[in-house]
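Please load the coordinates in a viewer and keep the sequence panel open. The stops below are arranged as a sequence of selections, each with a note on what is found there.

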Amino acid sequence: MASAIPEPAAWVDVAPAGDVPRGEHRVYEVDGRFVAVYNVQDELYAIEDVCTHDGNPLSDGPVEGTEVICTRHGARFCLRTGAALTPPAYEPVPCHAVRERDGRLEVGAP
Ligand code: FES
């Protein structure tokens, strides 16, 4: 399954399909950026693994529904859109398209 992000210009092969089990997440390097792929109820979401408040890795934080919470100062981000939902973060986190195709997990290039 893929997120609702528009089709990217290129896809980057990051892992075998099924590498991110339901309820878990993994971080991959995609063209020099760290991207966290989350599996929420078998829907995949991919956001860059950096809090826009002060750079903490978002993948350290807990997930509630389709929101991830930064462990450093508690900002929440939407996994669907990357939007910053609560202070002290105000800028969105870049999202990436993500899909499983032909037995591989692919993330849209930045
Ligand atoms: S670094 Fe994430 S909320 Fe401050």
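What pattern does the chain follow, read along the sequence? The pattern is β-β-β-β-β-β-β-β-β-β. The model shown is a predicted one, in which local features need pLDDT of at least 70 and side-chain atom pairs count only at pLDDT 80 or more, while totals for chains, interfaces and linings use all residues. Residues are numbered from 1 along each chain as its sequence is written.

**The whole chain**

The secondary structure comes to zero helices and 10 strands; helices (H or I, at least four residues) and strands (E, at least two) are DSSP runs, numbered from the N terminus. The radius of gyration is 13 Å, close to the 13 Å that the globule rule gives for 110 residues, so the chain is as compact as a globular protein of that length. This radius is taken over C-alpha atoms, and the globule rule is 2.2 Å times the number of residues to the power 0.38. Along its principal axes, the C-alpha trace spans about 40 × 25 × 20 Å.

A residue is buried if 20 or more other C-beta atoms lie within 10 Å of its own, exposed if 12 or fewer, and partly exposed in between, with C-beta atoms placed from the backbone. Among contacts between residues at least 6 apart in sequence, 46% join residues at least 24 apart. Two residues are in contact if their C-beta atoms, placed from the backbone, lie within 7 Å.

**The nonpolar core**

Next, select Val-37, Ala-46, Ile-47, Leu-58, Phe-77 and Val-107, the residues with the most contacts inside the largest nonpolar core, which has 26 residues. Such a core is a set of buried Ala, Val, Leu, Ile, Met, Phe, Trp, Tyr and Cys residues joined through C-beta atoms within 7 Å. At least two residues of this core come from each of β2 (25-30), β3 (33-40), β4 (43-48) and β10 (104-108). In soluble globular proteins, nonpolar side chains tend to be buried together.

Centre the view on Val-107. Which residues is Val-107 in contact with, leaving aside its neighbours within four places in sequence? They are Val-12, Val-14, Tyr-28, Val-30, Val-35, Val-37, Ala-46, His-96 and Val-98.

Continue past β3 to Gln-41, in the loop between β3 and β4. Gln-41 is not a glycine, yet its phi is positive, at about 55°. This residue is exposed, with 9 other C-beta atoms within 10 Å.

**The three-stranded sheet**

Select β1, β10 and β9, which form an open sheet in the order β1-β10-β9 with antiparallel pairing. β1 (11-16) and β9 (98-101) are the edge strands, each pairing on one side only. Neighbouring strands of this sheet are turned by 30° against each other on average, direction ignored; axes are lines fitted to C-alpha atoms, for helices over the stretch in contact, and angles run from 0 to 180 degrees between N-to-C directions.

Four bridges join β9 to the antiparallel β10, and Arg-99 stands opposite Glu-106 in β10. Asp-102 lies in the loop between these strands, β9 and β10. Its phi is near 50°, a positive value in a residue other than glycine, and Asp-102 counts as exposed with 7 C-beta neighbours inside 10 Å.

**The loop between β7 and β8**

Finally, select the loop between β7 (76-78) and β8 (95-96), where Pro-88 is placed. The peptide bond from Pro-87 to Pro-88 is cis, with omega near 10°. Most residues other than glycine have a negative phi, and most peptide bonds are trans.

Ala-83 is found in the loop between β7 and β8 as well. Is Ala-83 exposed, partly exposed or buried? With 16 C-beta neighbours inside 10 Å, Ala-83 counts as partly exposed. Not counting residues up to four places away in sequence, Ala-83 touches Phe-77, Cys-78 and Pro-92.

Key:
Pairing = 2+ DSSP bridges.
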